[in-house]
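Subject: Handing over a structure, with notes

Dear colleague,

I am passing this structure on to you, and I would be glad if you could look through it with the notes below beside you.

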Amino acid sequence: PKELQAEAEKVATNEAQNAVSNATRAAPNMQNTMGAGGGNSALSQALNAVGGMQGLMGMVQSLASGQTPSLPSTSNATDFKQKAAQALPAEVHMFSGCRDEQTSADVYDTSSFGLPADSGPGGAGGACTNSIMLALSENPNPTWIDLLNRMRTILKEKGFTQVPQLSSSKEISLDGNFQLAAASSSTKALLIGINYVGQKGELRGCHNDVLQMKDYILKNGYDPASMRVLMDDGSNMNPTRANILDSIKWLVKDAKSGDCLFMHYSGHGGSMKDDNGDEADGMDETMVPVDYTSTGQIRDDIIFQELVAPLPQGVKLTVIMDCCHSGTILDLPFSFTANDQNTQNYTSGMTLPMNGNFNWKKIFDIGMSMLKKYGMGGAMGGAQSGMSANV
């Protein structure tokens with residue numbers, strides 16, 4: 001409803017304003033090391049060294065001289081889009097199997113989906129993975145809207161209530177064609193499947209999802225030598241918290257313009273009470289590693305910081321999240337939920353709508369944290385540390 005959307009955006013704007021105020025109070029401490037406006041040569045070198053972070057950090061450089069940037073809002077579409085492009089220069093697209101408040105089904109027998117015999121191992125699997133695989137087997141070159149609509153139809157026909165969602169760093173046309181990788185691209189892929197073998201809440205189909213997705217991306221130009229697979233099957237790298245975060249850093253490391261990256265996650269997704277006040281709904285969405293009982297879940301703030309924020313302009317990242325509570329787990333500025341109302345209201349030429357709940361507080365927090373690290377702890381030291389800001 002429009003009233004709830006307006007209230008959520010108001011909360012997000014207030015939180016972003018608080019982040020800016022906090023950053024402004026902290027900024028004078030950096031002036032001695034950075035100079036007014038943060039213009040010293042060490043910082044300039046750091047900005048050039050951190051890929052996509054340079055735009056994000058540039059947004060908050062003015063805070064060092066006491067200036068307060070204007071806060072983006074969907075009511076000023078031009079400003080929102082310009083700042084989104086500056087903060088997130090890479091082209092990032094994510095398909096999620098459900099909205100934040102929904103669960104995603106683990107299907108006991110995926111044969112009812114009618115996938116081609118050569119599409120994967122069969123047996124159990126995730127509803128999201130199998131719906132997108134079936135849709136792409138029927139039409140290998142769909143538009144974004146056609147792919148979403150077909151996924152939604154397949155899920156409804158199989159009796160699932162979950163609603164697929166597309167989110168992006170860019171205002172793409174929904175009439176544009178979905179393309180995994182250009183023929184000339186350098187590729188890199190990370191595939192994670194967790195069945196939680198022997199644990200409470202054990203799943204059955206996540207390994208099959210990964211094998212099916214691996215087969216698909218290999219057929220679509222991805223290099224097997226630049227692919228990392230994490231599964232709790234005793235053969236592949238174990239999907240612990242440490243290994244997942246290390247693999248995400250591996251995926252984005254040295255990414256450059258023209259590269260095509262891919263990440264698929266099939267496992268449990270969680271929803272936890274927000275621990276830093278940056279979520280309009282008061283909840284963080286999470287990935288659940290195999291060792292979550294001892295190491296904890298991986299919050300969306302960390303996923304955004306490590307996977308999305310570092311990517312430079314010209315890089316394309318496609319993500320498929322087949323887990324519960326995954327609608328906004330990457331927290332991107334444009335999104336479309338393929339529910340009945342939105343698909344019925346779709347008109348030709350429509351672009352991906354702005355996300356009124358886009359987390360500008362998170363943007364300012366990460367940018368300010370990195371700016372402080374480069375200004376106070378040594379400009380190049382921050383870049384060498386892997387950009388692990390505390391958010």
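Predicted model: local features only at pLDDT ≥ 70, side-chain atom pairs only at ≥ 80, totals over all residues.

Residues are numbered from 1 along each chain as its sequence is written, and side-chain values use heavy atoms, with hydrogens and water left out.

**Overall**

The secondary structure comes to 14 helices and 12 strands, where helices (H or I, at least four residues) and strands (E, at least two) are DSSP runs numbered from the N terminus. Of the 391 residues, 54% count as buried; here buried means under 20% relative accessible area, exposed means over 50%, and partly exposed lies in between, with a 1.4 Å probe and protein chains only. Among contacts (heavy atoms within 4.5 Å) between residues at least 6 apart in sequence, 74% join residues at least 24 apart.

**The sheet**

Seven strands form an open sheet with mixed pairing, in the order β6-β5-β7-β11-β1-β4-β12; two strands are taken to pair if DSSP finds at least two bridges between them. The edges are held by β6 (227–231) and β12 (334–337), each of which has a single partner strand, so one side of each is left without a neighbour in the sheet. On average, and with direction ignored, neighbouring strands are turned by 10° against each other; for such angles, axes are lines fitted to C-alpha atoms, for helices over the stretch in contact, and values run from 0 to 180 degrees between N-to-C directions.

Strand β1 is joined to β11 by six bridges in a parallel run, with V92 opposite L317 in β11, and to β4 by four bridges in an antiparallel run, with S96 opposite Q165 in β4. Five of the six residues of β1 are buried, so this strand is largely enclosed by the rest of the structure. Strands β7 (residues 260–266) and β11 (residues 316–322) pair in the parallel sense over seven bridges, and S266 has D322 in β11 as its bridge partner.

**Helices against the sheet**

Helix α7 packs on the sheet and touches β1 (91–96), β4 (165–168) and β12, its direction making about 15° with that of β1. Helix α9 (residues 241–252), in turn, lies across β5 (187–193), β6, β7 and β11, and runs at about 165° to β5. The buried residues of α7 include W144, L147, L148 and M151, and what covers the buried residues of this helix includes β1, α6, β4, β12 and α12 (340–345). Just after α7, G159 takes a positive phi of about 90°.

Leaving aside neighbours within four places in sequence, F95 is in contact with residues including W144, L147, L148, M151, Q165 and V319.

**Salt bridges**

A search of the whole structure finds eight salt bridges, each being a side-chain nitrogen of Lys or Arg within 4 Å of a carboxyl oxygen of Asp or Glu. In one of them K83 is joined to D79, with the closest N and O atoms 2.7 Å apart; these two residues are separated by about one helical turn, because they are four residues apart in helix α5 (residues 77–87). K83 counts as buried at 14% relative accessibility, and D79 is buried as well, at 13%.

E138 is partly exposed at 44% relative accessible area, and R150 is partly exposed at 26%. Finally, R152, K156 and D340 are linked in a network of salt bridges.

With best wishes
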